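Dear colleague,

I am passing on the structure we spoke about, and I would be grateful if you could look it over before reading my notes below.

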Amino acid sequence: MAARCNFWLPKKKRFCSNVLLRDSQFCGNHTQRSDGQWVPCPIHPSHSVLEGNLQSHLKRCPFFKQAQSLSIQPFYQEGINAGKEEEGVQNFSSEMKRNAVHGMTLFEFSQLINKIKSIHASICSDIGDSFKIPQACDIWTNRQVDRGLPFQEKHVMQQASILGNLEEFGVLKSCKDDAVSGPVKLEASGDDDDVPAVVEFGAGRGYLTQVLADCYRIKKILLVERKSYKLKADRSLRQKESVTLERLRIDIEDLKLNAVESLQGVPYLAIGKHLCGPATDMTLRCCISKQCNQHNDAPSDSTCRLIGLAIATCCHHLCQWKHYINKRYMLDLGITKDDFNAMTWLTSWAVDADHGSDLCGTGSFDLQIRENEHVESDPNTYDVKNMVKDMKAVDRAVVGLMCKDIIDVGRFMWLNEHGLECELVKYVPSNISPENRLLVARQKS
């Protein structure tokens, strides 16, 4: 009988039953990756292969044909939205960020926390509550939609509030004052035929756009998502008359939006629900980089025009200094690249506590440690790691939320600098989702 893998599966409470690799105690799925035999696939880093099998894998990688066909598309330009390359700047994994924080002295860590508290108090006081459920979304909030569509109340509340904030901000126009009741439409100049398109970034299955299409009059939909999903909203959206749908399977980092043929000469609304980490920065750069030229009175090659956007941010622990949209603003606040990397790791604390109520302002901690001072007699046994363990969960959560707000305010300021009227709001209560910050913007009249 063939020997079996020695990898313990904690959820199944048994050892793996796969056959061992030659000269190994593990199967192909569980070979320890610290031995240097595994390398990420250069075509798509979502999976790894044994270094000795790399060449044969490249010929049959399931992503090979997709990468080939994508590379010849006019809207593909590798790294166009990634941000400027800086010498010595690399992407930091969560482990690297954690190790950097734990490697600080107690004094350095105390200084960082107090800097975060001071900056947050000075620039983040205007983030208000804006939980808006528009009348147009009644068919969803009252569950009057097709029963075949998935319904989860917390997601519907978030989707409806995103659209409600767009309506409140004047990007979506309500027909509630018209003689004829019905869906509302996007605000657009020109004839009725000049109806803006909707571009959903990080679309996933596309159900934010599904709610938008059910409740508002739109004619053109573009879904941008790098992954493949089952149970998408595409089938339901394609059944709508007078609605054209296009899905681009591409990373936002590589998307040249003004080269998408279906958007030529079309004003559009950009939306995204829970755009993880740097995807928010890449989306802003994707939508506005060409408009920066207009702002600077220089010629622009963009033929599609952004009229407004709504982006719900999340997963700030994935943010990277290389991709961040407003490095200059951070540096002006005294936040260095190393501080930024530490802050992005601290944002993971935001989910440490119970979010039954708003946590901002509830923390009572005060880290005041002078240089060369130690809180215990043995400095070798008490370090930042121990200090973090001693902090209350609510205090860690408050620090994490502060870091999230500072990162989002930097994005808000960048939109302001580039000629957009914008707001940063809490679009749902924290008990619906602790990731409840929403950037809403529109072109100034």
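This is a predicted model: local features need pLDDT of at least 70, side-chain atom pairs count only at pLDDT 80 or more; totals for chains, interfaces and linings use all residues.

Residues are numbered from 1 along each chain as its sequence is written, and side-chain values use heavy atoms, with hydrogens and water left out.

The protein chain has 13 helices and 15 strands, these being DSSP runs numbered from the N terminus (H or I and at least four residues for helices, E and at least two for strands). Of its 445 residues, 47% count as buried, where buried means under 20% relative accessible area, exposed over 50%, and partly exposed in between, with a 1.4 Å probe and protein chains only. Among contacts (heavy atoms within 4.5 Å) with a separation of 6 or more, residues 24 or more positions apart account for 69%.

Helix α4 (residues 106–123) packs against helix α13 (residues 393–417) at an angle of about 55°, with the axes 10 Å apart; axes are lines fitted to C-alpha atoms, for helices over the stretch in contact, and angles run from 0 to 180 degrees between N-to-C directions. That angle makes α4 oblique to α13, since angles under 35 degrees count as roughly parallel, over 145 as roughly antiparallel, 65 to 115 as roughly perpendicular and the rest as oblique. On the α4 side the contact is made by I113, I116, K117, I119, H120 and I123, and on the α13 side by V399, M402, C403, D405, I406 and V409.

Two single residues complete these notes. T209, found in helix α7 (residues 207–215), counts as buried because its relative accessibility is 0%, and, leaving aside residues up to four places away in sequence, T209 touches E200, I221, L223, L237 and I271. N142, by contrast, lies in the loop between α5 (138–141) and α6 (153–168) and counts as partly exposed at 47% relative accessibility.
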